[in-house]
Amino acid sequence: MYLGELAPKNLRGALGVVPQVFITIGILVAQIFGLRSLLANKEGWPILLGLTGIPAALQLLFLPFFPESPRYLLIQKKDEVAARNALKRLRGWDDVGSEMEEIWQEDEAEKAAGFISVLKLFSMRSLRWQVISIIILMGGQQLSGVNAIYYYADQIYLSAGVNDHDVQYVTVGTGAVNVLMTVCAVFVVELLGRRVLLLLGFSVCFTACCVLTAALALQDTISWMPYVSITCIISYVIGHALGPSPIPALLITEIFLQSSRPSAFMVGGSIHWLSNFTVGLIFPFIQVGLGPYSFIIFAVICLLTTVYIFQVVPETKAKTFMEINQIFTKMNKVSEVHPEKEELKDFPVSASGTNSSRGAC
């Protein structure tokens with residue numbers, strides 16, 4: 001959320017994906033340090049556990065030197081001077097008038113709403129499709145089976161003839177592919193757009209789950225099927241890293257305005273971890289009950305999420321927060337003016353209130 005508020009619109013997608021890059025790098029580093037020949041042993045595990053304190057300590061050291069979000073300073077704190085200074089520091093130049101104008105427009109649009117709590121978020125018609133979209137996307141991200149794939153991967157590698165001792169190295173290789181494809185997403189998200197990456201990613205995951213189901217069902221009768229299973233796992237990781245992993249959190253930043261964004265992140269984060277918990281809890285039972293057909297469930301979820309994205313989710317590439325808000329205003333079939341201030345629609349905002357307030361400041 002912080003990065004999304006700091007970023008200029010032409011780099012918002014790339015910067016929004018960068019956190020996922022470092023998440024995947026963290027997973028890869030953990031996989032490497034977690035090799036039995038390094039720290040995953042009786043003597044090394046306390047060191048492995050203690051290493052997680054290093055990034056936390058670095059954040060404590062460096063975060064106090066970071067600028068506050070200009071949008072927060074202007075819209076929440078009403079401090080135009082601090083917001084302008086923060087923007088100058090972030091951009092590296094003094095001409096930030098156009099971005100200040102865009103933040104002022106968001107401030108004018110948000111005046112009637114005030115702070116929007118989680119409960120209010122669900123009750124507002126003007127935010128209906130935004131809320132539904134983050135629930136579908138964050139749920140689909142986890143319920144599409146990414147953690148189940150990682151859970152099942154070792155067994156698939158073993159069935160393909162990979163030595164038990166070497167499985168850990170193959171897992172590290174899968175983590176490296178995850179990092180590589182997430183880095184690729186940083187460079188293509190502003191070129192292809194968020195919607196295309198989501199559609200492409202979920203489609204690849206759907207296809208991989210279907211083929212993986214067939215491969216697992218036939219692996220005892222056809223000798224080369226385990227290698228198809230390995231290909232499916234790698235393909236799934238590639239597809240998920242391109243879209244489903246990095247894009248949903250980025251979209252939460254983009255489709256909500258300042259007053260509702262924190263609550264939207266709380267909803268999105270809750271859905272994310274509840275879905276994660278659900279898959280981790282019930283997948284072993286699904287695996288026992290359905291065996292090789294377990295991944296059909298994830299294939300159906302990937303397909304339904306793809307259909308929803310195609311039908312509902314708009315492209316947000318290179319658009320300001322206000323332009324994105326106007327798209328959803330039409331989808332929600334509400335007035336562009338907040339219902340509590342319907343009378344404001346007769347007054348030209350940019351010509352009167354905005355300019356006079358800025359002149360006074």
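At what angle do helix 9 and helix 17 pack?

## Two crossing helices

Helix 9 (residues 128-143) and helix 17 (residues 321-332) pack at about 105°, and their axes lie 8 Å apart. (Axes here are lines fitted to C-alpha atoms over the stretch in contact, with angles running from 0 to 180 degrees between N-to-C directions.) That makes helix 9 roughly perpendicular to helix 17, a label for angles of 65 to 115 degrees. Helices are DSSP runs of H or I with at least four residues, numbered from the N terminus.

Who meets whom? On the helix 9 side there are Arg128, Trp129, Gln130 and Ser133, which meet Asn325, Phe328, Met331 and Asn332 of helix 17.

## About the model

This is a predicted model, where local features need pLDDT of at least 70 and side-chain atom pairs count only at pLDDT 80 or more, while totals for chains, interfaces and linings use all residues. Residues are numbered from 1 along each chain as its sequence is written, and side-chain values use heavy atoms, leaving out hydrogens and water.

## Arginine 71

Arginine 71 counts as buried, at 7% relative accessibility; buried means under 20% relative accessible area, with a 1.4 Å probe and protein chains only. Setting aside neighbours within four places in sequence, arginine 71 has contacts that include Glu5, Glu102, Glu106 and Phe321, contact being heavy atoms within 4.5 Å.

Valine 228 is another story: arginine 71 and valine 228 are 157 residues apart in sequence and 49 Å apart in space, C-alpha to C-alpha.

Terms used: Angles under 35 degrees count as roughly parallel, over 145 as roughly antiparallel, 65 to 115 as roughly perpendicular and the rest as oblique. Buried means under 20% relative accessible area, exposed over 50%, partly exposed in between (1.4 Å probe, protein chains only).
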